[in-house]
Structures are given as structure tokens and as C-alpha cells.
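This report takes a residue-level look at selected helices, their packing and the charged pairs between side chains.

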Amino acid sequence: MISGISSSSAVYASAAASSTSRTQSSLSSDQTDLISSILSNYDASSLSEEDAQSIVAAFQDAGISPSKELESAMEEAGFSAQEVGQLAGVGPRGGGGMPPPPPSEEIDSVSSILDSLLSTDDDASSTTTTSFDDIMEYTSRILNLNEKSKDEVMSLLEKYSSTESDYTQDQKSNIVKNSLSQILSDTNNYKSVSFYG
């Protein structure tokens with residue numbers, strides 16, 4: 001197994017050199033050859049956790065990112081990208097694939113709170129008007145946050161949706177927009193996605 005990996009270093013070098021000229025989502029023929037070379041060192045029917053971790057590490061070392069093209073190349077070699085990802089501990093837990101969409105009640109609840117908070121006393125004269133599309137964009141992004149960040153946003157929304165507030169509607173709208181902007185612009189606040197799953 002180790003000799004197969006070291007013998008693939010020449011293929012890796014040419015794949016790495018050609019990777020700068022390719023687009024992010026397609027594999028070069030050298031990378032496809034490298035994938036086949038790496039996978040030829042393993043038996044798809046009896047993969048261990050260690051094997052899967054080695055495969056993922058070899059792909060990462062070669063600069064090959066999880067993608068549909070990688071999944072297809074692995075499938076052609078008789079391997080399941082989902083199985084390798086799960087065994088290696090890089091795929092999503094519990095069933096794999098895309099997570100189910102949020103319940104419509106959650107979507108309605110978040111968009112309703114946002115609508116009430118972001119609409120101003122006099123939208124015609126205000127500089128902080130918010131369109132339906134903006135509300136839906138905020139809602140979508142909030143629902144894609146990780147649980148900790150989503151809880152933070154929901155606490156913020158609940159705090160400022162209270163009718164017992166010393167702030168005007170315009171002030172609440174500006175505070176919420178600024179806070180949302182900070183939270184939603186941080187990529188670490190979102191759920192992670194893996195193409196191995």
C-alpha cells in the first residue's frame with residue numbers, strides 16, 4: 001500500500017502542476033489518473049477507517065477537493081465517496097446527504113419576526129426600507145446558520161420584537177440589520193457541508 005502511494009507521487013506532481021490551470025469544479029486527466037492510482041491500493045469491499053482516512057488525506061495532499069467529479073471518478077473505480085467520507089469521519093453524521101429543509105413553520109416564524117422588526121414606522125420616508133426579497137434572503141441565511149449562531153440570532157430577534165422597548169421602530173430596525181450583518185457575514189457561523197456525504 002505504501003509503495004503504491006509513493007509511486008503515485010510522480011502522477012501527483014503533474015496533477016498539482018496542472019491544477020492551477022483548471023477550474024475549481026472539474027478534474028484534469030492527471031487528477032483522474034491520480035484518483036485511480038490512489039484507489040487501486042485499496043479494496044473497496046473491505047475498507048477500514050484507516051484506509052478511508054488515508055484516501056481522504058491523499059486527495060487533500062493532491063489538492064483534489066470533494067466534488068461531483070470526484071464522486072464520479074471514485075464510483076468508476078468501484079468506491080462510494082459517501083462511504084469513504086463516513087468511514088474517514090468527514091461526511092455528515094446520520095444518513096448523509098443534504099439535510100432536510102427547515103419546517104415551513106420555522107420559515108414563516110423567522111420571516112414574520114423579521115418583517116415586523118425591519119419594517120419602519122413610515123417606510124415611505126425611511127432610508128431603511130426592507131423588501132420582501134430582503135426578508136426572504138435574511139430568513140434563508142438565518143436558517144443555514146449553525147445552531148449556536150441561529151440561537152444567537154433568535155435571541156436578538158426576540159429581544160427587539162418585544163413591544164416593551166425604549167427604541168423607536170427605525171432604531172430597532174437599524175440595530176437588527178447591523179447585528180444580522182455581522183453574524184451573517186462570518187462564514188464560521190454556518191453549518192458545514194461535505195461533498196463526501
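## Basis of the model

The model is predicted, with local features requiring pLDDT of at least 70 and side-chain atom pairs counting only at pLDDT 80 or more, whereas totals for chains, interfaces and linings use all residues. Residues are numbered from 1 along each chain as its sequence is written, and side-chain values use heavy atoms, with hydrogens and water left out.

Thr 139 lies in helix α8, which covers residues 132–143; helices here are DSSP runs of H or I with at least four residues, numbered from the N terminus. With a relative accessible area of 1%, Thr 139 is buried, where buried means under 20% relative accessible area, exposed means over 50% and partly exposed lies in between, for a 1.4 Å probe and protein chains only.

When residues up to four places away in sequence are not counted, Thr 139 touches Ile 107, Val 110, Ser 111 and Leu 114, a contact being heavy atoms within 4.5 Å.

## Salt bridges

The count of salt bridges comes to 3, under a rule that asks for a side-chain nitrogen of Lys or Arg within 4 Å of a carboxyl oxygen of Asp or Glu. One of them joins the side chains of Glu 71 and Lys 68, at 3.5 Å from N to O. These two residues are separated by about one helical turn, because they stand 3 residues apart in helix α5 (residues 68–76). Glu 71 is partly exposed at a relative accessible area of 29%, whereas Lys 68 counts as exposed at 60%.

Lys 150 forms a salt bridge with Glu 106, and the closest N and O atoms of that pair are 3.4 Å apart. Because Lys 150 lies in helix α9 (residues 147–161) and Glu 106 in helix α7 (residues 104–118), the pair ties together parts that are 44 residues apart in sequence. Lys 150 counts as buried at 9% relative accessibility, and Glu 106 as partly exposed at 25%. Lys 150 also meets Glu 147 in a salt bridge at 3.8 Å, N to O, and this second pair lies within α9, 3 residues or about one turn of the helix apart.

Two packed helices are described by the angle between their axes and the distance between the axes. The axes are lines fitted to C-alpha atoms, for helices over the stretch in contact, and angles run from 0 to 180 degrees between N-to-C directions. For α8 and helix α10 (residues 169–185), the angle is about 45° and the axes are 11 Å apart. That makes α8 oblique to α10, since angles under 35 degrees count as roughly parallel, over 145 as roughly antiparallel, 65 to 115 as roughly perpendicular and the rest as oblique. In this contact, Tyr 138, Arg 141 and Ile 142 of α8 meet Lys 177, Leu 180, Leu 184 and Ser 185 of α10.

The axes of α9 and α10 are 11 Å apart, at an angle of about 175°, and the two helices are therefore roughly antiparallel to each other. Residues of α9 in this contact include Leu 156 and Tyr 160, and those of α10 include Ile 175 and Leu 180.
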